[in-house]
Amino acid sequence: MTEQRLRGRRGRDRHIAEASAELAGRRLRAGQAGRAGSAASGAARIRVADLSSLPPLLAATAELRGLAERYARVREGRVGRDLWHVVYASMPHGAKTYLAAALALATGERLAWIARDAEIADRVAEELLAWLGDPSAIVVLEPRTALAYERGELVRDETAARVAALAAWRHDAGSRILVSSPQAL
């Protein structure tokens with residue numbers, strides 16, 4: 001293996017490159033050969049942060065309890081049934097997921113999060129995992145690989161995973177939030 005020369009780099013950049021190369025070498029020697037591609041580039045494994053202590057703080061506020069009471073009135077039928085869905089379009093995504101996690105904790109109700117596409121649904125599920133800290137609290141409904149009325153053969157594992165996700169969200173007390181996309185629905 002030839003060593004690459006670092007001509008023209010400033011001292012700080014050179015030291016960072018050397019430190020990451022040394023770290024990659026230690027990882028490879030420690031037996032993490034399965035992650036050799038990212039270890040060789042010096043990238044660390046990304047972990048989802050555990051922010052699960054924060055949503056209960058928001059859930060305990062009077063504002064969120066008031067919002068939960070309004071949802072309860074809608075569910076009981078004391079307000080028009082056309083107010084069952086809520087859209088928060090002008091909030092940043094991080095705030096939306098934080099509010100959804102706190103609302104799920106405060107009300108104990110199941111929530112359905114419909115993302116624009118499957119990629120955004122995956123990001124939302126990852127953020128909700130960080131806020132709730134419990135992977136079983138989030139169910140992701142993946143889209144099919146075939147189109148809706150395509151004459152192709154259905155993949156049994158894919159269908160079974162979709163049915164299992166819907167059953168877990170419907171019947172499991174721990175599953176609180178269903179994350180999906182219009183294509184998956």
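Which elements are included in what covers the buried residues of α6? Before I come to that, please keep in mind that this is a predicted model, in which local features need pLDDT of at least 70 and side-chain atom pairs count only at pLDDT 80 or more, while totals for chains, interfaces and linings use all residues. Residues are numbered from 1 along each chain as its sequence is written, and side-chain values use heavy atoms, with hydrogens and water left out.

Let me begin with the sheet. Three strands make up an open sheet in the order β1-β3-β2, with parallel pairing; strands here are DSSP runs of type E with at least two residues, helices are runs of H or I with at least four, and both are numbered from the N terminus. Two strands pair if DSSP finds at least two bridges between them. β1 (residues 111-114) and β3 (residues 177-180) are joined by four bridges, and β2 and β3 by three bridges. In β3, Ile177 is the bridge partner of Leu111, and Ile177 is also the bridge partner of Ile138. The edges are taken by β1 and β2 (138-140), each of which has a single partner strand, so one side of each is left without a neighbour in the sheet. From one strand to the next the twist averages 20°, where axes are lines fitted to C-alpha atoms, for helices over the stretch in contact, and angles run from 0 to 180 degrees between N-to-C directions.

Buried means under 20% relative accessible area, exposed over 50%, and partly exposed in between, using a 1.4 Å probe and protein chains only.

In α6 (residues 118-132), the buried residues are Ile120, Ala121, Val124, Ala125, Leu128, Ala130, Trp131 and Leu132. What covers them includes α3 (55-59), α5, β1, β2 and β3, contact being heavy atoms within 4.5 Å. Take Ala125 as an example: at 11% relative accessibility it counts as buried, and, leaving aside neighbours within four places in sequence, Ala125 is in contact with Ile138, Val140 and Val179. The 15 residues of α6 should span 21 Å at 1.5 Å a residue, and its end C-alpha atoms are 21 Å apart, which agrees; the expected span is 1.5 Å times one less than the number of residues. After α6 comes Gly133, whose phi is positive, near 75°. Helix α7 (residues 156-171), for its part, lies across β1, β2 and β3 and runs at about 150° to β2.

I will finish with the aromatic residues. The structure holds one aromatic pair, and the rings of Tyr98 and Trp131 have their centres 4.5 Å apart and their planes at 40°, so the pair is tilted. Rings of Phe, Tyr and Trp (its six-membered ring) pair if their centres lie within 6.5 Å, and planes under 30 degrees apart count as stacked, over 60 as edge-to-face and the rest as tilted. This pair links distant parts of the chain, with Tyr98 in α5 (residues 93-107) and Trp131 in α6, 33 residues apart. Tyr98 is partly exposed, at a relative accessible area of 22%, whereas Trp131, at 15%, counts as buried.
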